[in-house]
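Biologist: Could you walk me through this one? I'd like to start with confidence and then get to the fold.

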Amino acid sequence: MFGRSIYVPDNPALIGGSPQAVHEQLWAQGKRRRLQVRGGLAALGLVVGTVFVDVWFGLVAAAVIALADSLYYLRQRMGSSVWRKGQRGERRTSAVMRLTLDLRGYRVLQGRNIPGRGQIDHLVIGPTGVLLIDNQAVSPDTDIAAYQDTLFVDERSGTKMAAALRERADATAAMLADRLGGEVVVEAVAVIHGGNLVKGLVEAEGVTLIRLHRLPSWIRRQRIRFSPEQVATIAEAAHRLPISSQAIVVR
């Protein structure tokens with residue numbers, strides 16, 4: 001077929017019938033309805049503002065309401081952009097951490113591998129500890145919450161996902177401890193792209209799930225555990241972890 005490359009595999013997010021493709025179709029179909037609601041809200045603001053103040057105030061109120069509604073849906077689209085492109089969010093997370101943590105005494109390793117246990121998206125080593133950070137992009141209507149320390153993704157248990165991430169963190173800790181000759185705790189963190197994450201942060205089953213925009217400040221707020229010298233020593237040991245075949249290169 002013309003326009004396709006035999007060297008590049010198809011992106012499943014762009015194939016008809018995939019969740020992403022269906023979402024795009026529904027979003028396009030809902031455009032007219034969104035514009036109608038936006039126009040109605042703006043008209044209401046114009047009428048109320050004019051009646052209670054004056055026509056100029058009504059015009060400003062209508063413009064503000066229309067802008068607020070546009071920004072609301074823009075935020076929704078941006079929040080689901082990683083998932084809609086069939087990605088997991090590694091590049092976006094890597095870029096944010098480079099800009100916010102590299103100059104604050106943190107070392108960030110990208111795309112490492114734990115033999116027999118899988119890939120590490122990011123390993124963060126700094127004054128507040130060592131964190132294994134994974135990325136998960138989910139559909140916009142996915143609800144993620146915790147109840148009595150049990151993780152739920154929609155109505156399903158997230159225990160299996162949490163256990164797999166925790167297992168990788170523990171394996172990383174064991175490898176670092178073996179190289180350093182002492183115990184190192186590695187915390188498991190999942191950055192959630194898209195979905196509905198209660199209050200932007202959920203802690204359950206030994207895993208922290210968090211929005212990307214909250215990640216840097218959350219890391220820096222943890223208690224200080226290591227001196228700069230200790231950070232350098234742990235980072236040197238971590239650099240010996242094998243590089244993943246899917247290692248990220250952020251340009």
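Biologist: What is the mean pLDDT of the protein chain?
Modeller: The mean is 88, with 91% of the residues at 70 or more, pLDDT being the predictor's confidence in each residue, from 0 to 100. This is a predicted model, in which local features need pLDDT of at least 70 and side-chain atom pairs count only at 80 or more, while totals for chains, interfaces and linings use all residues. Residues are numbered from 1 along each chain as its sequence is written, and side-chain values use heavy atoms, without hydrogens and water.

Biologist: And where does pLDDT stay under 50?
Modeller: Over residues 1–8, for which the model has one contact (heavy atoms within 4.5 Å) beyond four places in sequence. Where pLDDT is low, the predicted coordinates should not be read in detail.

Biologist: On to the sheet: what order do the six strands have?
Modeller: The open sheet runs 1-2-3-7-10-9 with mixed pairing; strands (E, at least two residues) and helices (H or I, at least four) are DSSP runs numbered from the N terminus, and two strands pair if DSSP finds at least two bridges between them.

Biologist: Why is one side of strand 1 and of strand 9 left without a neighbour?
Modeller: Strand 1 (107–114) and strand 9 (201–204) stand at the edges, so each has a single partner strand.

Biologist: How many bridges join strand 1 to strand 2?
Modeller: Seven, and the two strands run antiparallel, strand 2 covering residues 118–126; asparagine 113 stands opposite glutamine 119 in strand 2.
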